[in-house]
Amino acid sequence: MRFRLLALALLFPMVAGCRAADVGSVPATPTTPASESSSAPVPEDTPAPPDGFAQDSDAQDSVAPASVAQASVAQASVAISTHQVVPPPPQPNATGSTLWVALADHLGGQPKAPVLRLQSAAGPLTLRDARGREWTDARLTISWRSAPLDTPLTLARQVAGPFASFESADRVARRWRTLGVEALVAHPGEWEVWAPLGSAVPDGLRVRQWSDVILSVVKPVFEAAEGGITLEAPVQIEAPQGLRWKGGVYGGPFRLQADAYGSWTLVEQVPLERYLEGVVPHEIGAGSPAAALRAQTVLARTWALANSHRFRIDGYHLCSDTQCQVYSDPRQAGAAVRQAIAATTGRLLSWQGTPISAVYHATNGGVMAAGPEAWAMDPAPYLKAELDGDSGWVGRHRLPMQQRAAVNALLADRSGAYGADHPLFRWTRSLTATEIQQALGAEASGLTLPLELSVLERGASGRVLALQVAGSGDAPPVVLRLDRIRRTLRRFPSTLFVIDADGPNRWFLRGGGFGHGAGLSQAGAIDLAWRGWTTEAILAHYYPGTVYGPLPAAVQSP
């Protein structure tokens, strides 16, 4: 149960002029994430500001400046937490590590939340809570109840976001930290960045104020034969012969632990190499040639270590869905996958002694994207825009590819491109104004028909960096940037496309690739492996300048 403050001034009398409209709650329900011209053309060379930063004078109205007013509340907010604090997970390294992976999150966070049902694959499950109480059964059922706090908990924060991806949120958090502020990436439903109330704010960053007084917390209840028993966290669950979960079997052990939002997470503590067994066959396919399987294994290991801070605020490392790497039943890893894992044990890709941002995707359509073409991230020297094909392919096309004609020429060609056999190497889509309005939701409320769809900017690889939707009235247009384009218009396989009008309020898109386009193309890696390329050569091709092998020292997560 929560008591909502009507204005921050009720909590912090020193804060004058803070608008009550800025105070709101954070949703506890998660969302599911992965993996041009119109009748009135708009120039494609308009620069795009970073994701999450003010774009015009109107947006500046919602900016919280680093000012004397902020300094005046710093003393009041110094002892007030931004969230419900939970212990961080242990830091992993490249060898012998155990990752804490969320199998289910935001449990119990809503009224009438569904119960958690756990079933063993064979034999009993053992449940043990922090008080040392223990129960054993083949099936365990856990419900939820609200328990009052002896002392109300006051929370307050500045919130930036939502952002379309962790990468975009993390960039904002890093920039915020350069001001000496403890800025944290959170995922209460969408990606956000949280910082203490009253702390300095980077120039141009839009933030809102949030506060709450927590009067009660959700606790898990074990439904025993003699009745419900309230558990004390963390709750340990052992499954010696495996836990059945979503059609698979997982080895564990497991933890049921609180998160930063007042809900709960079911976490598997899985050894890194077993984690790879649950990732590699689902990401590239177990039937891929050996060199491609090994390359994917190295990337999955590198990505896991480099991103092990992703859910630090919630007390675990990684999720198991498309917001991270897809992690599923490790038993589905056949002999070829296990051989790839064994052959690359302890090896990863690094840059200057640190695991790289080992992003990958299904197919790039014949041209790799630079990192900042996919997300609002700082440039990485190993994630550059490059043509992805043989000498003939490279000879026919040129970068940068920021003009529509050059993108058209590439999309009309496929001979010599690596991974051209992928079914989404080339694709077409139709789009209507109604579909756009539905995808934009409230943002489209002021846009009157007919709509205009325009590319404002392209990156060096030809990908759309800014897509504008404008109405025929006076309402300001909506501009989708970077990963928000595909996050909003989910039928778009990639942002490498051209647009043609196809009648009133209808457009036809021709595009190439599936995914963000940065780093390794899985279809390209499979193609190169069949051509005889080694694992090292494939990785060097997609991540030039990186070092393949073990790190000289234990890897600490960012």
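This is a predicted model: local features need pLDDT of at least 70, side-chain atom pairs count only at pLDDT 80 or more; totals for chains, interfaces and linings use all residues.
Let me begin with a pair of helices: the axes of α5, residues 290-306, and α13, residues 535-542, come within 8 Å of each other and cross at roughly 55°. Axes here are lines fitted to C-alpha atoms, for helices over the stretch in contact, with angles running from 0 to 180 degrees between N-to-C directions. Helix α5 is therefore oblique to α13, since angles under 35 degrees count as roughly parallel, over 145 as roughly antiparallel, 65 to 115 as roughly perpendicular, and the rest as oblique. The crossing is right-handed, that is, the near helix is turned clockwise from the far one by less than a right angle.

On the α5 side, the contact is made by Ala291, Ala292, Arg294, Ala295, Val298 and Leu299, and on the α13 side by Thr535, Ile538 and Leu539; contact means heavy atoms within 4.5 Å. These residues divide into seven nonpolar, one polar and one charged. In this scheme Ala, Val, Leu, Ile, Met, Phe, Trp, Tyr, Cys and Pro are nonpolar, Asp, Glu, Lys and Arg are charged, and the others, Gly among them, are polar.

Residues are numbered from 1 along each chain as its sequence is written, and side-chain values use heavy atoms, with hydrogens and water left out.

Turning to the whole protein, there are 13 helices and 29 strands, taken as DSSP runs numbered from the N terminus (helices H or I, at least four residues; strands E, at least two). Of the 558 residues, 54% are buried; buried means under 20% relative accessible area, exposed over 50%, and partly exposed in between, with a 1.4 Å probe and protein chains only.

Next, the backbone. Which peptide bonds are cis? One joins Ala233 and Pro234, with omega about -5°, and Pro234 sits in the loop between β10 and β11. Another runs from Gly252 to Pro253, with omega near 5°, and Pro253 belongs to the loop between β13 and β14.

His106 has a positive phi of about 55°; His106 lies in strand β2 and is buried, at 10% relative accessible area. Asn505 also has a positive phi of about 55°, but is found in the loop between β26 and β27 and is partly exposed, at 22%.

Finally, Pro423, in the loop between α9 and β22, is exposed, with a relative accessible area of 70%. Its C-alpha atom is separated by 9.2 Å from that of Phe514, 91 residues apart along the chain.
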